[in-house]
Amino acid sequence: MQTETNQKGSSVTNSIGAPMGSAHDSHFVFITDDSGIVPVFEQIKSKLGLEVNNCLTLVYSISGKEGQPLFKAELESIEKRFPAQLLTHYLFSGNLIPRENTDQIQQALEIILNCNLRKLVQFLVLGKADFIESVSERLHFLGIKPNQIYSQTF
């Protein structure tokens, strides 16, 4: 079952209902675990196919039980085609408990925020409920406003 949380989003939304800003000034940061990678992958393809000047970052947290990340070869191929628009961060963890992975997630988020050059940053967090809660806490800690965060549980 899927549940959605849109925290004070824009009236313009994408295909999973997430708020969208101006394509020319927006940086979309997708943060997902293994359970949310399929819809995130589809969103990345869709955004890169339609909007030429946007910036996308994927933070993909892979649990210790998984081997190769899903869509790794496809994501690498897309990154080669769109090197200025897509950046992927893989976070491999031996811990299956999201709260124990917050340091790794926060480090990736700090890098993304410190390197951002766009006016608007939207965070789309997809995955299991405990993963979303953990990531949302880190985003709030880093000063991200609630209207910049969209989440969907899978």
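**Helix packing and burial, value by value**

Modeller: In this predicted model, the buried residues of α1 are Ile37, Pro39, Val40, Phe41, Gln43, Ile44, Lys47 and Leu48.

Colleague: What covers the buried residues of α1?

Modeller: The cover includes strands β2 (26-32), β3, β4 (86-92) and β5 (120-127), and helix α2 (72-81) as well.

Colleague: How do you know that the span of α1 is close to the expected one?

Modeller: Set the two values side by side. α1 covers residues 37-50, 14 residues in total. From its first C-alpha to its last it reaches 20 Å, and 20 Å is what 1.5 Å a residue predicts.

Colleague: Why is α1 called roughly parallel to α2?

Modeller: The two helices pack at an angle of about 20°. Angles under 35 degrees count as roughly parallel. Therefore α1 is roughly parallel to α2. Their axes are 12 Å apart, and the crossing is left-handed.

Colleague: Which residues make that contact?

Modeller: Phe41, Ile44, Lys45 and Leu48 come from α1. Glu74, Leu75 and Ile78 come from α2. By class, that is 5 nonpolar, no polar and 2 charged residues.

Colleague: What makes Lys45 and Glu74 the charged ones in that contact?

Modeller: The class follows from residue type: Lys and Glu count as charged, whereas Phe, Ile and Leu count as nonpolar.

Colleague: Which residues form the contact of α3 with α4?

Modeller: α3 brings Thr102, Ile105, Gln106 and Leu109. α4 brings Phe131, Ser134, Val135, Arg138, Leu139 and Phe141. The classes are 6 nonpolar, 3 polar and 1 charged.

Colleague: Why is Gln107 called exposed?

Modeller: Gln107 sits in α3 (residues 102-115). Its relative accessibility is 51%. Exposed means over 50%, so Gln107 qualifies.

Colleague: Why is Phe71 called partly exposed?

Modeller: The value for Phe71 is 23%. Buried needs under 20%, and exposed needs over 50%. Phe71 falls in between, so it is partly exposed. Phe71 lies in the loop between β3 and α2.

Colleague: What is the phi of Phe71?

Modeller: Positive, about 65°, although Phe71 is not a glycine.

Colleague: Step back. What pattern does the protein chain follow along the sequence?

Modeller: The order is β-β-α-β-α-β-α-β-α-β. That comes from 4 helices and 6 strands. The chain has 154 residues, and buried ones make up 48% of them.

Colleague: How much of the contact count with a separation of 6 or more comes from residues 24 or more positions apart?

Modeller: Such residues account for 74% of those contacts.

Key. Residues numbered from 1 in each chain as written. Predicted model: local features only at pLDDT ≥ 70, side-chain atom pairs only at ≥ 80, totals over all residues. Heavy atoms only, no water. Expected span 1.5 Å × (residues − 1). Buried < 20%, exposed > 50% of the residue type's maximum accessible area, 1.4 Å probe, protein only. Contact = heavy atoms within 4.5 Å. Axes fitted to C-alpha atoms, helices over the stretch in contact; angles between N-to-C directions. Parallel < 35°, antiparallel > 145°, perpendicular 65-115°, else oblique. Left-handed = near helix turned anticlockwise from the far one by under 90°.
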